[in-house]
Amino acid sequence: MKDPIRSGTYSEESTIGCSNVVQTFVAMMSDAWREFLDAKILYLLVSLIAILFFTVLSGRIDPLPSGRAYLDFSATAMSANLDELDLGKLTLTDIAKEHNGSVYWIVSDRAQGEDHPNSSWQVTLNRTYLPLFAQPENAADIQKRFGNIADVKLWNVREVRETTSGFITRIGFQSWQMTVDPGRDLRLLWPNRFTLFQDSLELTSSKGAPLGLEVFILQKLLTTGLGGSILLLISVAVTAAFVPNMVRKGTLELLLVRPIPRWQILLFKYCGSLLLVAALLGLLIFASWLVTGILADIWTPGVLFALPTLLLFFALLLSVSVLTGVITRSVTSAMLVTVAYWALLFIVGQFHNQVIDSRMREANIGRVKPMAIADSLRGSKSKREEPLRPGRKPFYKTTVGRVSEAIYTVLPHTEDLDNSVDRQLMRDYAVAGPFRALVESTDFSWKRGLGFTLGHTAVFLLSACLIFTRRDP
Amino acid sequence: MVVSIRSLEKNYGKTRALGGVNLEVERGTIFGLLGQNGAGKTTLVKILLGLVSSSAGSASLLDRPVGTFSARREVGYLPEDHRLPEYHTAVSLLHFYGTLQGIPRRERQSRIVYLLEMLGLKGREKLRIRGYSKGMKQRLGLAQALLHRPRVLFLDEPTDGVDPVGRKQIRELLLEEQKRGVTVFVNSHLLGEVEQLCDRVAILRKGLVVLSGSVAELTGLKATWLIGFDQPIPSHFSWNGGTLVPTETPGLLRLQCTEHVSSTGVVQENDLALDEFLAAAGVCGLRLRHLTRERTSLEDLYVALAHDAGDSL
């Protein structure tokens, strides 16, 4: 067979080819892709995501009758001056402290349709007040204030008509006939029953749970929680073999003899692995967004922020795996060191949360603990932050607290990133309570999390490249 | 010179792998590098490929310092005990290495088809390498080394695990490459094959070149002729110009002529003694029917060198 490229003798510059960075990158990418596919793990991961998808899709979210409770709550909340108040950090008891001398209540209500969060209502709202301390309110004020509690919007008042006037008003009584439509956040706060497998597995109590909280828990579970962790764990296990397999004797020489810098080989393999996992994470997060959207008809894109966060975290883990792989050339070592590093980050991160929590508790001793609207509606009583028992130090002042804080200072601040996603989701889904108060703490900063994580990743990768470049095969 | 090595040394800690190697290889030569395990062959090749740095001395490849990209672009390498990534097929692996080498897609495609056919892998190119036999892996390893049409080939045990037909194909392929001006470095323990294939050889021992020269020079040494006549040699026939050793076959005998050692260290025979003997036999009425000059095999030479040095084999 005749050589199709060139026959005859070689000239001085007869060798074909000239390497190109983009081509090299694409080649290393596709090599990583093949290796990943060969591990058969991709099929497992896609199957897991599919199972998750269909499991969640088998679920039902049914609103429980709660219209009157939310109308009452809106009326009660009008009794307070709620301007500039953040519901995420305050409770009804806090709000009551701001009582301005008026009391509002609902005397009659009638849903236009079923008692669910999409229905409009005909409502009669009464007010009584002390004429010496407060003024009569006009219909425009009521339209503006009813259903708005701090940054939460429960109802929109479509029409309002005052039915009282003259003497009655002057002695401190007013009444309005209103037509109210569901506000932006009503659906999120409305209690719902959540079941899986066509009603056969009930996941909420008989009182239900706010839809926003259900979606938050579901999305967190699927992305930054269990789902993401399983995916990352499997990805760590698979990609831990990439570098040791590449740098083993007999394989490495075949790569190093090519006219490309050594650091490119390592870095491109790293990027290839990262892009692969990015695609899988993207699939998982998109699937989570899609199923919760289909299930609850909530399409807020907040959960998509989990992708850069998880990817950044994986980039860090992969850099540890690559460095260990280059040094030890052992798949087992790369895997174990990476998982151990992950465990260290997790444990120290949890301690860091405890440190922040203990600081907040100490600063808020005697103040009312944060509570969610849904808990308030259920009749939960507000509790005050109690002082520590005598002789007991807050966690952040203990030796364990101090040591874990010192370790956290030098480690990548992945907890900051995790909490940033939670914060976004909680804001999107109007989730309130103690955990919201924690993630809203200014001690967490996504910028710091990003900087630290990227910095550590870069240091690990540079070290790996340096060792790889200088060591004889 | 394609390869030029001057006083090359390499130490791994306190272990000396190369102790001052000097070597020159001309273009278009098939050069055999021989030596026992640990003699420094692989280290020498790795230095030439730029995979390992030298401790002292200098080496150039195609008049460029070793290890530069321009030098590396021109070489093909088949390492000993190579382990090809088993998740690839033959085609995908060659595309992978070809892309790293920078070969344009179209050329890569046609070159791959050509090499797979030449090396007997056609029909099995879409199988995962995991399912390949040792011989098939060896052929594929050779294909990747030849893929970018290198000007210098470094092959470590190129026919290891390959069947006799495959070996012949590989030999032919390498000879074909040689005709095009490719310089081939062969590192092998199969001395018979080296003898068949190589133009020149160098024998390394403990990091030093102990013998080098053309294969003809190194193996055409024995001053012994196997001579056969049409009838047994008469008992009265005597000749004092050398030693005559009868064989078991009537009429066949060995003639050991006087030897001398040339300035290069190669033993040369004295052809004059043979002429005189044949003339004397002719006078006795003996007619010549067989004449072969016996040669030293590379293996004999190699073993003798090892014995002289007191190395264990």
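In strand 8 (residues 183-187) of chain B, Thr183(B) is the bridge partner of Val152(B). Strands here are DSSP runs of E with at least two residues, and helices are runs of H or I with at least four, numbered from the N terminus. The model is predicted, so local features need pLDDT of at least 70 and side-chain atom pairs count only at pLDDT 80 or more, while totals for chains, interfaces and linings use all residues. Residues are numbered from 1 along each chain as its sequence is written, chains are lettered from A and ligands numbered from 1 in the order written, and side-chain values use heavy atoms, without hydrogens and water.

**Strand 8 of chain B**
- Strand 7 (residues 152-156) of chain B pairs with strand 8 in the parallel sense over five bridges; pairing requires at least two DSSP bridges.
- Strand 3 (residues 30-35) of chain B also runs parallel to strand 8, joined by four bridges, and Leu33(B) stands opposite Asn187(B).
- Five of the five residues of strand 8 are buried, meaning under 20% relative accessible area with a 1.4 Å probe, protein chains only.
- Thr183(B), Phe185(B) and Asn187(B) point one way, and Val184(B) and Val186(B) the other.

**Ala202(B)**
- Ala202(B) belongs to strand 9 (residues 200-205) of chain B and is buried, at 0% relative accessible area.
- Its contacts (heavy atoms within 4.5 Å) beyond four places in sequence include Leu33(B) and Val209(B).

**Asn126(A)**
- Asn126(A), in strand 3 (residues 120-129) of chain A, counts as buried because its relative accessibility is 8%.
- Among the residues Asn126(A) touches are Tyr104(A), Trp105(A) and Phe173(A).

How values were computed:
Buried means under 20% relative accessible area, exposed over 50%, partly exposed in between (1.4 Å probe, protein chains only).
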